[in-house]
Amino acid sequence: MATGDAGSGVAPAVAPQSASAAADSAPALLPPDRARAAEAPPVPRLFEVLEAVLAPLDRLPRPLWLGGMTHSGGELAGRLAALEAWRVALLAGGLPRSCAAWPEAEVQEAVREVFRGLGLPAYCADQPALVDTVLQGLLFHLDLIVDYRDRGDTEAAAQARALDSFAADWAERCGEIDELVGAFGDLGDLLDNARWDALRGLLRSTDWREVLRIRALIERLPELARILRALGRTCPTDEDAESSRALHAVVEHTEIQRSVSHRVRVPDLPGETRGVQRSGRIARMLPAEATLLGHPRLRLVWHARRAERTLLAYEDDDHLQEDCLRPAPVLRPSQRPAPARRLEQGPMLVCVDTSGSMQGGAEAVAKAVVLEAVRCAHARRRACRVYAFGGPDEVVEMELGVDVDGVGRLARFLGQGFGGGTDICAPLERALARLDEAGWNLADLLIASDGEFGATPALAARVEAARRERGLRVQGILIGDRETIGLLELADDIHWVRDWRRYGGDTDKPGGADADKRRGDGAGANAPTLAAGGGSPVHSSHLTADYFPGALRTPENRAATVTPEAAAAAIRAGRHRGDRL
């Protein structure tokens with residue numbers, strides 16, 4: 001039986017620890033730096049060397065991962081590094097230095113010649129989406145060299161075939177990119193490879209041909225860009241706003257005539273006695289001096305003092321009060337006009353007339369307004385809402401952006417014909433309601449129409465209230481021969497497209513040229529002149545204001561207008577013009 005068990009009350013013996021074990025179990029005995037190193041988690045170093053070759057993947061976009069890792073040419077490490085170098089150089093608008101890793105040395109110079117021939121570096125400058133698409137295409141076509149060799153081609157023939165396929169593919173794409181750049185300027189997300197197939201289908205449609213035709217028309221209407229740029233009230237310009245009535249207080253220096261009181265001291269004037277002085281005045285001498293006159297000898301002293309003006313005399317004087325006006329500088333506040341800077345380049349609300357009266361050249365100009373509005377909004381990242389209106393309940397509200405869906409909607413709108421009636425009230429009500437939403441309170445309104453419409457007095461009053469309270473500006477583009485009452489009441493300024501008829505000569509569109517003839521383009525003696533110049537047959541667009549001024553709803557006309565009931569009562573009573581009703 002073992003001694004020292006639990007029943008004996010003696011604790012069991014514990015084996016002594018070694019010195020090294022005791023040192024390891026006492027971290028307080030270690031130096032501070034070694035103690036911190038012992039507490040820090042270990043750094044994983046097992047796969048660091050193996051993963052180093054994949055480090056370029058952290059800097060490459062995800063669409064290039066699969067093609068860069070599974071490509072059949074070159075070694076993985078060198079190919080990824082070369083792919084990164086190509087991407088950086090193309091983003092800068094150039095080509096990278098020669099690298100034997102990828103593409104292979106025998107094909108690399110041919111690839112460079114293809115890039116130079118197509119001008120791809122210029123297209124790719126600052127376009128990450130396009131660069132990724134180009135490199136994906138290059139990886140795809142160069143990866144087919146192995147397949148071409150398996151089909152019996154030699155190495156040189158397979159390489160030439162792959163490069164020819166790449167060049168043919170991107171020659172077509174570059175032409176399409178040129179069309180997009182010509183239509184919209186900055187392409188934005190249009191070059192995303194995920195939507196490229198849908199975009200290429202759109203670019204081959206007849207609607208896109210109409211977009212290109214309208215884009216060529218914009219080149220002959222440069223004033224549209226100026227009008228659309230001036231819409232909105234977001235960015236201040238260097239020009240003064242003519243409609244600004246703001247005043248600001250100015251403190252200016254001026255002079256006023258101020259009354260000043262001046263006291264003038266007059267010596268020897270009887271008044272206040274101040275002391276004793278030496279003088280020659282007998283009337284003010286002291287009595288002691290007068291006693292000298294009674295002495296026979298001292299009389300001579302008195303006369304000597306009098307001659308020398310040294311007699312002791314009382315000193316007295318008086319003051320005269322003098323008031324005079326003297327100029328005094330002052331600071332005077334005054335109110336002066338403070339012309340605010342004209343604001344522009346803000347949100348745009350565009351109402352486009354698509355009624356039947358707009359067929360022909362007016363339709364083409366209206367479509368040019370829409371396309372230029374989309375271009376301006378996309379170039380400056382401005383919000384743009386288009387309201388295409390016809391007859392009652394015929395309003396199409398579109399938010400046109402430069403993406404695949406937005407370009408598709410724009411192409412469909414520009415490719416369709418106009419028809420129907422004209423109702424300006426519905427689009428105006430929607431545009432006024434849009435001003436209450438966030439981000440649209442600084443928007444301006446543009447109306448492109450031939451002016452053959454009329455707004456109700458209540459709606460015209462709402463537009464005037466928005467103009468007065470919100471600062472809304474309404475610009476009109478007249479695509480017709482004369483201003484109408486409806487357009488004059490709504491628009492602050494009206495720009496007249498005088499030669500709108502010349503843009504309707506597209507015989508490919510049904511009714512294009514005939515519509516302009518129905519509106520007077522080829523009638524009578526003016527036919528040769530109009531066919532040559534395409535101008536308006538009237539001398540001025542201000543026909544309504546010149547010949548029918550009483551038809552306008554001006555304050556003077558409203559004051560002189562009576563209600564139908566009052567006019568009927570005046571007729572029944574036998575009153576005449578000038579009699580008070």
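**Figure 1. Arg 173 and Trp 170 in the predicted model.** The charged end of Arg 173 is placed over the ring of Trp 170, 4.8 Å from the ring centre. A charge sits over a ring if NZ of Lys or CZ of Arg is within 6 Å of the ring centre and within 35 degrees of the ring normal. This is a predicted model, in which local features need pLDDT of at least 70 and side-chain atom pairs count only at pLDDT 80 or more, while totals for chains, interfaces and linings use all residues. Residues are numbered from 1 along each chain as its sequence is written, and side-chain values use heavy atoms, with hydrogens and water left out.

**Figure 2. Arg 161 and Tyr 148.** Arg 161 lies over the face of Tyr 148. The distance to the ring centre is 4.3 Å.

Figure 3. Rings of Phe, Tyr and Trp (its six-membered ring) pair if their centres lie within 6.5 Å; planes under 30 degrees apart count as stacked, over 60 as edge-to-face and the rest as tilted. The ring centres of Trp 86 and Phe 115 are 5.3 Å apart and the planes are at 55°, so this pair is tilted. Trp 86 belongs to helix α5 (residues 76-91) and Phe 115 to helix α6 (residues 105-118), 29 residues apart. Helices (H or I, at least four residues) are DSSP runs, numbered from the N terminus. Trp 86 has a relative accessible area of 2% and is buried, where buried means under 20% relative accessible area (1.4 Å probe, protein chains only). Phe 115, at 0%, is also buried.

**Figure 4. Phe 115 and Phe 166.** Why is this pair stacked? The rings of Phe 115 and Phe 166 have their planes at 25° and their centres 5.7 Å apart, so the pair counts as stacked. Phe 115 is in helix α6 and Phe 166 in helix α10 (residues 155-184), so the pair ties together parts 51 residues apart in sequence. Both Phe 115 and Phe 166 are buried. Together with Trp 86, they form one aromatic cluster.

**Figure 5. The largest nonpolar core.** A nonpolar core is a set of buried Ala, Val, Leu, Ile, Met, Phe, Trp, Tyr and Cys residues joined through side-chain atoms within 4.5 Å. This core has 50 residues, and Phe 184, Val 350, Ile 477 and Ile 479 touch the most other members. Helix α16 (residues 361-379) gives the largest share, 12 residues.

**Figure 6. A second, separate core.** This core has 33 residues, among them Leu 64, Leu 80, Leu 83 and Trp 86.

Definitions and conventions
Helix = DSSP H or I, 4+ residues; strand = E, 2+ residues; numbered from the N terminus.
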